[in-house]
Structure formats: structure tokens, C-alpha cells
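Hi everyone, thanks for coming. I'd like to walk you through one chain today, so please have a look at the sequence and the structure while I talk.

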Amino acid sequence: MTVQRTTRLAALVALPAALTLAVAAPSLAAGSGKAYQIDLEQLNDSGASGTVMLSAQGTNKLNVKIEAEGLTPGQPHAQHLHGSTEGIDFHCPDASDDTDGDGILNNTEATKDYGDINISLTTSGDTTPDSGLAVDRMPAADAQGKLSYERTLAVSPDVIEHLKDLHVVQHGIDPNGNKKYDFGKGKSELDPKLPQEATAPTNCGMVMGAAVGSVPVGGVETGSGSTDGMEAPGMFAAGGLTLVAAAGALTVARQRARRSAQNG
Ligand SMILES: [Cu+2]
């Protein structure tokens, strides 16, 4: 009798624990690899900041969550994982890397520090460096300059292995505060048809520390587990800028940087 009651009691006590485990199971499964939090810090005095969570899922999937603010309102922001998965050490640049001294740290100057595009953080489709300026598949900031992004990407095991060697960079600045990309700071060094404002980096973040199984920051919806990514409706209605044309230029710059990285 006593034994029976104890057993029943144990079962009752165990039940909430089992429920808790069941609820926690998806995130445990998602955290079967490493998870890193990254703080995005402004470049070019942009005032753009943010938080990123990179969560490995197994050996070939990566969940990326970004919550950023202070971006150019209503405009698309190209965003990438920069750096090398081959043991080359890159880092985020600072103002001293403005080597031509024109007051703007452009992508070419910054690439010496943060490396080539490794993964393009698009909202759908291709994520290779070729989509680096596929602006119709890049997220746009809302009217308040805020941007939310989440996508689970198929990646190579190299990426998971070297996750902490990669940096997150968002592009697009608005020094004159007119809420669009204009030629106030001249032409982009990547493509003279584009404003420098559209391609210059606005922030960069490096891995600050491991946080396996920690809760994503910023309250982004979780648990999709899909590799399709999250589409933000109407994000490019206000875009209109032909950044796609610069994709080729960026690819050239990337290849050049890779060669110099290999040579150096
Ligand atoms: Cu980039």
C-alpha cells in the first residue's frame, strides 16, 4: 500500500518533469551543436547596432537570428557572414581602416579586415557569395530602422566547425539622414552606378562567447526548423535600387581579396 502510493506519487512528480523535457526537446535538438551570440557594433558612425544568434543544428545546418536597429529606414541592407573557414584570422575593422582617408570605411577597405563574404544572409534562395548584393532577397529595415531576420541555412560542415571565426556584417549607411541611399558620399567603389552609401558596411560583429542551448535574443519566432527561411512581406517595395548590378563587382572584389589573403 505504502509502496503503491509512493510509486503513484513519484509518477505525479515525474509528470511535470516529463512535460518540461518534452517542451525543451526541440531546443535541445536544435542546440545539438554550438550556439554563439554576436553583438553588432556600428561602423561609419552609422549608429546601427544589433544582436545575432548563430546556432548550429547538427553538422550542416545553421540557424541565424538577427535583431538590428539604427539602420537606414525602409531600405534593404545586404548582410553576410564574412571571414574564412580555413583558419585565416579576420576581425571587424574600425575607422583606422579607412585607408584612403575619405571619411568612409568602404567595403573594399573593410574586406582586408573582415574577409570575403562566406555566406550571404538572404531571405530565400541562394546563400553563396554570388548573392552578396541580391538586394531583392535581402531584408529591409522598417520605418523605424529596425530589422528582424531569421533563417535556417544549409551550410557545409566547415562552416559549423569554424563558426566562431566568422563575422556578421550589415551594409548600407545614411550619413546625411535623408532615409535613402544617395550620392552624398560619392559612388560605390564596387560599382560607380551605385551610391557609396548603399554598399558601405554599417555594422560588424564577432563571436563574443559560447552559449550552448541559450535562448535566442530579441524574441524572434522560433521552432520552424525549416530551411526555407522567413520571408518578410513587402520588404523590398521601397528598395528600387539596382544593387544587383553591383553583385558582379563585389564578386570581383571578393576574388581579389581571396587572392591577396592566400598570397599574404
Ligand atoms: Cu558583407
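I'll go from the overall layout to the metal site, the cross-links, the cores and a couple of backbone details.

Before anything else, please keep in mind that this is a predicted model. So, the layout. The chain contains five helices and eight strands. If you read the elements from the N terminus, you get α-β-β-β-β-α-β-β-α-β-α-β-α. Out of 264 residues, 45% count as buried. The accessible surface is about 12700 Å², and 55% of that belongs to carbon and sulfur atoms. One more number on the fold: among contacts with a separation of 6 or more, 72% are between residues 24 or more positions apart.

Which residues coordinate the copper ion? There are three histidines: H80 through ND1, H82 through NE2 and H171 through NE2, with distances of 1.9 to 2.0 Å. Along the sequence, these donors follow the spacing H-x1-H-x88-H. H80 sits in strand β4 and H171 in strand β7, residues 167-171, so this pair ties together parts that are 91 residues apart in sequence. Are H80 and H171 buried or exposed? H80 has a relative accessibility of 1%, so it counts as buried. H171 is buried too, with a relative accessible area of 3%.

Next, the disulfide. The structure has one, formed by C92 and C204, whose sulfur atoms are 1.9 Å apart. The angle about the S-S bond is -75°, and the link of C92 and C204 is left-handed. Where do the two cysteines come from? C92 is in the loop between β4 (79-82) and α2 (107-114), while C204 belongs to strand β8, residues 201-210, so the pair ties together parts 112 residues apart in sequence. How accessible is each cysteine, buried or exposed? C92 counts as buried because its relative accessibility is 16%, and the cut-off for buried is under 20%. C204, at 4% relative accessibility, also counts as buried.

There is one salt bridge to show you as well. The side chains of K65 and E150 meet there, at 3.6 Å from N to O. This pair links distant parts of the chain, with K65 in strand β3 (residues 61-69) and E150 in strand β6 (residues 147-154), 85 residues apart. Both K65 and E150 are buried.

Let's move on to the nonpolar residues. In soluble globular proteins, nonpolar side chains tend to be buried together. Here, the largest nonpolar core has 26 residues, and those with the most contacts inside it are L62, V64, I66 and L121. Which elements supply at least two residues each? They are β1 (35-42), β2, β3, β6 and α3 (157-161). Strand β3 gives the largest share of this core, four residues.

Setting aside neighbours within four places in sequence, L121 contacts V64, I66, Q79, H80, L81, M138, P139, Y149, L153 and V168. Notice that this list includes H80, one of the residues coordinating the copper ion.

A quick stop at S55, in strand β2, residues 49-57. S55 is buried, with a relative accessible area of 13%. Not counting residues up to four places away in sequence, S55 touches K34, A35, K61, L62 and N63. L62 is also one of the residues with the most contacts inside the largest core.

Finally, two backbone details. Most residues other than glycine have a negative phi. D45 is not a glycine, yet its phi is positive, about 50°. You'll find D45 in the loop between β1 and β2, and D45 is exposed, with a relative accessible area of 73%. K179, again not a glycine, has a positive phi of about 60°. Its place is in the loop between β7 and α4 (196-199).

That's my tour, and I'm happy to take questions.

Notes:
Residues numbered from 1 in each chain as written. Predicted model: local features only at pLDDT ≥ 70, side-chain atom pairs only at ≥ 80, totals over all residues. Heavy atoms only, no water. Disulfide = S-S within 2.5 Å. Buried < 20%, exposed > 50% of the residue type's maximum accessible area, 1.4 Å probe, protein only. Donors = N, O, S within 2.8 Å, 3.2 Å for Na, K, Ca; no water. Salt bridge = Lys/Arg side-chain N within 4 Å of Asp/Glu carboxyl O. Contact = heavy atoms within 4.5 Å. Core = buried A, V, L, I, M, F, W, Y, C linked by side-chain atoms within 4.5 Å. Areas by Shrake-Rupley, 256 points an atom, 1.4 Å probe, with all protein chains shown as cover.
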